[in-house]
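Please open the model in your viewer and keep the selection panel at hand. The stops below are meant to be followed in order.

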Amino acid sequence: MKHLHLALPCLLSLLPVLCIAQSDATFGKYESFSEKRNELRAVWKSPLQGYVVDLRERNTRVFHLTNTACWLDKEIVELAAEQMKYVRIRADQQAVKVSSAQDASETLLVRLDGLPPSCDRAPDRSPLAAFDALDQSMLELFAFFSERKVDWQKDVRAARTALGREPSESAVYEAMTKLLTSLDDPHITLQAKVEGNDRRTIIGRGATLTQLRKAFESQSNIKSSAEFYRNWIQATQRAVSETSLNGKGRVALNNTAYWGISQNANGDIGYVSMTGMSGFTRSGETEEDIEAVNSFFDEVITACKSCKAIILDLSQNRGGDDRVALAVASRFADEPRVAFSKQAVSRNMKGDVQTFRLAPGAKARWTHPVVLVTDSVTVSAAEVLTLSMRVLPHVRHVGATTRGALSDALGKSLPNGWRFTLSNEIYKSADGEIYEARGIPPTERRVVFDPENLFAGNAKLIGEIANAIRK
């Protein structure tokens, strides 16, 4: 999953990745937010993400706002500060665009005369009020009811009627879970303390992960689903190493990458598997992850000097950060190209379309044949990498359709303290296609993980791809 953000995700313009947001001449140059804070002492509304940011006092306050309610969120203030390091101020000073870095994705804030009246009132913290707040937040901010083929308002009416006038926390949580699960969106989550117990709802696993979950539940030796998942990753890596890498596969990037060279008299082929788009370093900082992944591909490209092709395997990649995805794709870029665009939307307005490009940099690049492998596990930032790789003429896309969840997870809370995330960004491929909900289909469909033999993994397909390249 992509990292959780207060507002629009920040995609740094770190060379050789170039990020260009739609230009607006009425907004000034980038300035330090902290240095301009005195001029920004006002109440600001984020119309595309449903926030109100109160900067009038020394301590920033952040509220969640819908058409029917408003409530304070103390837990999100630190995250808000991280997303407001830079600011561009409109000439009339009635609107600003904030970001975490210069030339990064920007969030529009509009000046208000004061707090909306609903923010000055104590919110209703009852379970039923939380249900209504979730309903209204989704209705105003979620972008894909049509794509997900859900009649949200009809389903909400039925659920609310069934709850009655004074439902329990447990009943409300179950009703929310049912509603959100119907959307089958892995970027929707729900976390709560329900009658003293921690609860969490995970949605939209996809075909392969659903089969893996069934395999976990059918055994009793491994008690942790996380450990079972790690074992699956390791088993598939061993299978690829034994069948294609002469037993010399190796881990990298804090165990999130696995790679090697398939050596053969008919030609060598590089293999790189990435299981995430973040977590490459102990710090977890994206800038350090980008440095680490660039060092990794320096090694891979050097080792592959005599290779006929590189297989880039994203079939077990569950996402992370778009900035990392763009950094990876840039190492394969042959010339400047549009990679994708995105646009945040709400029920009342649409944000600027922001276009992201790949540009060859000074670092060594691989511009020879690449075979990109995906599966239903491939999601989020891994799908962003898939979009970015598909614009390159030397890349062939093989495997199964990706999950179809590209929008970042927009973090929200409810008046009673429960937290959830939703999707409100529309990503488009370079040729204008929207793959949310339906996934990105490969040009060559192949079975990646056989449901009857999940732990043998994708070794069979990787071997077949290597043999086909050699022929």
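Begin by selecting Asn 231, which sits in helix H7, spanning residues 225-244; bear in mind throughout that this is a predicted model. Is Asn 231 buried, partly exposed or exposed? Its relative accessible area is 25%, and because this value falls between the 20% and 50% cut-offs, Asn 231 counts as partly exposed. If residues up to four places away in sequence are set aside, Asn 231 touches Ile 222 and Phe 455.

Next, display the open sheet of eight strands, whose order is S2-S7-S8-S9-S3-S4-S5-S6 with antiparallel pairing. Its edge strands, each pairing on one side only, are S2 (31-32) and S6 (70-72). Within the sheet, S8 and S9 (residues 107-112) run antiparallel and are joined by four bridges, and Ala 95 has Val 110 in S9 as its bridge partner.

Then turn to the largest nonpolar core, which has 52 residues, and highlight Phe 131, Met 138, Trp 152 and Met 176, the residues with the most contacts inside it. Among the elements that each supply at least two residues of this core are strands S7 (86-89) and S8 (95-99) and helices H4 (152-163) and H5 (169-181), while H3 gives the most, with eight residues.

Zoom in on Trp 152, whose contacts, leaving aside neighbours within four places in sequence, include Asp 135, Met 138, Phe 145 and Leu 183. Finally, select Ala 252, Ile 290, Ala 381 and Leu 385, which are included in a second, separate core of 48 residues.

Note on methods: Residues are numbered from 1 along each chain as its sequence is written. This is a predicted model: local features need pLDDT of at least 70, side-chain atom pairs count only at pLDDT 80 or more; totals for chains, interfaces and linings use all residues. Side-chain values use heavy atoms; hydrogens and water are left out. A nonpolar core is a set of buried Ala, Val, Leu, Ile, Met, Phe, Trp, Tyr and Cys residues joined through side-chain atoms within 4.5 Å. Buried means under 20% relative accessible area, exposed over 50%, partly exposed in between (1.4 Å probe, protein chains only). Contact means heavy atoms within 4.5 Å. Two strands pair if DSSP finds at least two bridges between them.
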